[in-house]
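Hi,

Here is the structure I promised to pass on. Have a look at it first, and then read my notes below.

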Amino acid sequence: MKNVTIIGGGLSSLTASCYLAEKNFKVTIVEKNDHLGGRLSFFEKDGFVFDMGPSWYWMPEVFEDFFKDFDKDVSDYYNLKRLDPSYRFYLDDLMVDFSADLNDIFKEFEKIEPGSSLKLSAFLDDAKIKYDISLQKFILFPNKSIKEYLSIDVLKYFFKLDLFKSLRSHINNYFSNKKIKNFLEFPAMFLGGSPKNTPALYSLMNYGDIKKGTWYPEGGMYKIAEAFSSLSKELGVEHILGDPIVKLDIKNKSIKSAISKSGKIFNSDYFLAGLEYPFVQTKLLDEKYRSYNSNYWSKKHVAPSALIFYLGLSSKVKNIEHHNLFFDKDFDKHLIEIFDNKVLPSEPLFYICCPSKTDSSIVPNDDMENIFILIPIGPGSEDSQSIRDKYFDQVINRMEIITKQKIKNKIIVKKSFCVNDFVNRYNAYKGNAYGLANTLLQSAVFKPKIKDKIIRNLFYTGHFTVPGPGLPPAIISGKIASNEILKDIK
Ligand SMILES: Cc1cc2nc3c(=O)[nH]c(=O)nc-3n(C[C@H](O)[C@H](O)[C@H](O)COP(=O)(O)OP(=O)(O)OC[C@H]3O[C@@H](n4cnc5c(N)ncnc54)[C@H](O)[C@@H]3O)c2cc1C
């Protein structure tokens, strides 16, 4: 029986642990923090239960397919609810709900620009092709080399993906109204980039959130981490928590053992790094073993970090839904400031999640509200209490004006999370929130490789390698990494 030590216990690691354990590997996960799930994390304060990271459950079939591979269903672990509206958009002077019913969205588009519903329909038809081809044909490619794409069967689909055109120019081909363009460009920010440098392929996210919907696991997003952890345990994976790996012992270009802070020694045939790639390369490996040095990482376009506020409110908030995008200021200005000028945004856009609109189990009583405010900021941004306070005042004031009510006087629990917390809690490179951005020159074969180029028994998974940031990609990444380890023993 072969054994594998998985370093880090995020969603990609948990996924890989299940596939490898099912193939009779003896699997051990060693996690720095005292819980599994990585960024899928939560905390509880005075009866409020806050999801700390992901809030947007999308591409539900990726989760379903994972559980089906083990003869299970998502519903064996948690109950999913489709949100309606999928999300609310405040854009300039407009408030638009993206309903679960596409006909309602068509009506909203027609109000903004007559004739645009037909264009949206055509745009979504094209996005569906990208979504389906990606999931059915390409998604499990390890992207070791371009050769994977060089068969007639694959090539005929490849060009439909629009990997070399930007999302912005693709959207411009369909629409001229600036507001409509903003509605469709926003997912680029979730992929860590801007619509100017994100491939048009990712219009598949528009198809995903508009047609396939946004969902919510009852009890909170952390239920996903609990589900994957339970299955991993059921399959016999050993979980070691609260003990970071601090050293890798390497001989003859193979890792012999990983050593934890408490001094435990993990010997195994294979090592899978589910913690961030740059941390392994620059902090755990000596220079002679690094395939990608500090200079390489410093030139990469890393996903934004985030300034987050978790608020427990004593009474209900009007005029917001479960997911709310506050795009009342200039989208491009925010992107240029954080990515090009590398400064804090002067008038930030922000996102508010209010899961208590859907779930009363996460508030002390039904009259209260649980809110999460997220401001995307550049990776490596300066972080201090005074900066956090300044932004808090700015966004709360704007939220009060836009939603036409007092919020500040309802706050009974407040906590913030920013760059320094990402570094301390997850060893996140530059305090990023979700890995390496999926830009035109950082997608597919351009990502750091799943298999280490120098060390024979070291593999990687997670949001710095293929396919990229987000929960569904983390699941897919775990599956690709386990496939590559399985191929290696043959
Ligand atoms: C605020 C926020 C909002 C997000 N919103 C969404 C969303 O709405 N929808 C969505 O799909 N995605 C979202 N994401 C992105 C998504 O959460 C991540 O891309 C995904 O969870 C990454 O999973 P992972 O397994 O690659 O890494 P992680 O979850 O980061 O797991 C890595 C693990 O490695 C551990 N580790 C680090 N160093 C060591 C060490 N030395 N030894 C042992 N363990 C170590 C860390 O503690 C961590 O548990 C969001 C992320 C954030 C932060």
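The protein splits into domain 1 (3-40 + 219-300 + 436-489) and domain 2 (107-215), with bounds that come from an automatic or database domain assignment. Before you go further: this is a predicted model, so local features need pLDDT of at least 70 and side-chain atom pairs count only at pLDDT 80 or more, while totals for chains, interfaces and linings use all residues. Residues are numbered from 1 along each chain as its sequence is written, and side-chain values use heavy atoms, with hydrogens and water left out.

Taken over C-alpha atoms, the centres of domain 1 and domain 2 are 29 Å apart. Between them, 17 residues of domain 1 are in contact with 21 residues of domain 2 (contact being heavy atoms within 4.5 Å).

On to the cores. The largest nonpolar core has 113 residues, and F183 and I224 touch the most other members. By nonpolar core I mean a set of buried Ala, Val, Leu, Ile, Met, Phe, Trp, Tyr and Cys residues joined through side-chain atoms within 4.5 Å. Buried is under 20% relative accessible area, exposed is over 50%, and partly exposed is in between (1.4 Å probe, protein chains only). Helix α16 (residues 471-489) gives the most to this core, with eight residues; helices (H or I, at least four residues) and strands (E, at least two) are DSSP runs numbered from the N terminus. Domain 1 and domain 2 each supply at least three residues to this core. Another core, of 27 residues, lies apart from it and includes A258, L275, W297 and F464.

Leaving aside neighbours within four places in sequence, F183 is in contact with F89, L91, L94, V96, F98, F109 and I112.

Next, the charges. There are 29 salt bridges in the structure, each a side-chain nitrogen of Lys or Arg within 4 Å of a carboxyl oxygen of Asp or Glu. These are the ones I looked at:

- D93 pairs with K179, and the closest N and O atoms are 3.6 Å apart. D93 sits in the loop between β6 (87-91) and β7 (94-98) and K179 in helix α7 (residues 178-185), so the pair ties together parts that are 86 residues apart in sequence. D93 is exposed at 66% relative accessibility, and K179 is partly exposed at 24%.
- R168 pairs with E185, with the closest N and O atoms 2.8 Å apart. This pair links distant parts of the chain, R168 being in helix α6 (residues 167-174) and E185 in helix α7, 17 residues apart. R168 counts as buried at 16% relative accessibility, and E185 counts as buried at 2%.
- E347 pairs with K333, the closest N and O atoms being 3.2 Å apart. Here E347 is in the loop between α13 (331-340) and β16 (350-353) and K333 is in helix α13, 14 residues apart. E347 is partly exposed at 34%, and K333 is partly exposed at 34% too.

There is also a network: salt bridges that share partners join R88, D97 and E321.

Now some helix packing. Helix α3 (residues 102-112) and helix α4 (residues 116-138) pack at about 130°, with their axes 8 Å apart. Axes here are lines fitted to C-alpha atoms, for helices over the stretch in contact, and angles run from 0 to 180 degrees between N-to-C directions. That makes α3 and α4 oblique to each other, given that under 35 degrees counts as roughly parallel, over 145 as roughly antiparallel, 65 to 115 as roughly perpendicular and the rest as oblique. The contact uses L102, I105, F106, F109 and E110 of α3 and S116, S117, L118, L120, S121 and L124 of α4.

α4 also packs with α6, at about 140° and with axes 9 Å apart, so α4 and α6 are oblique to each other as well. The residues involved are K119, A122, F123, D126 and K130 of α4 and H170, I171 and Y174 of α6.

Last stop, α9. Helix α9 (residues 204-212) is mostly covered, with seven of its nine residues buried: L204, M205, N206, Y207, G208, D209 and I210. Just after α9, G213 takes a positive phi of about 90°.

Cheers
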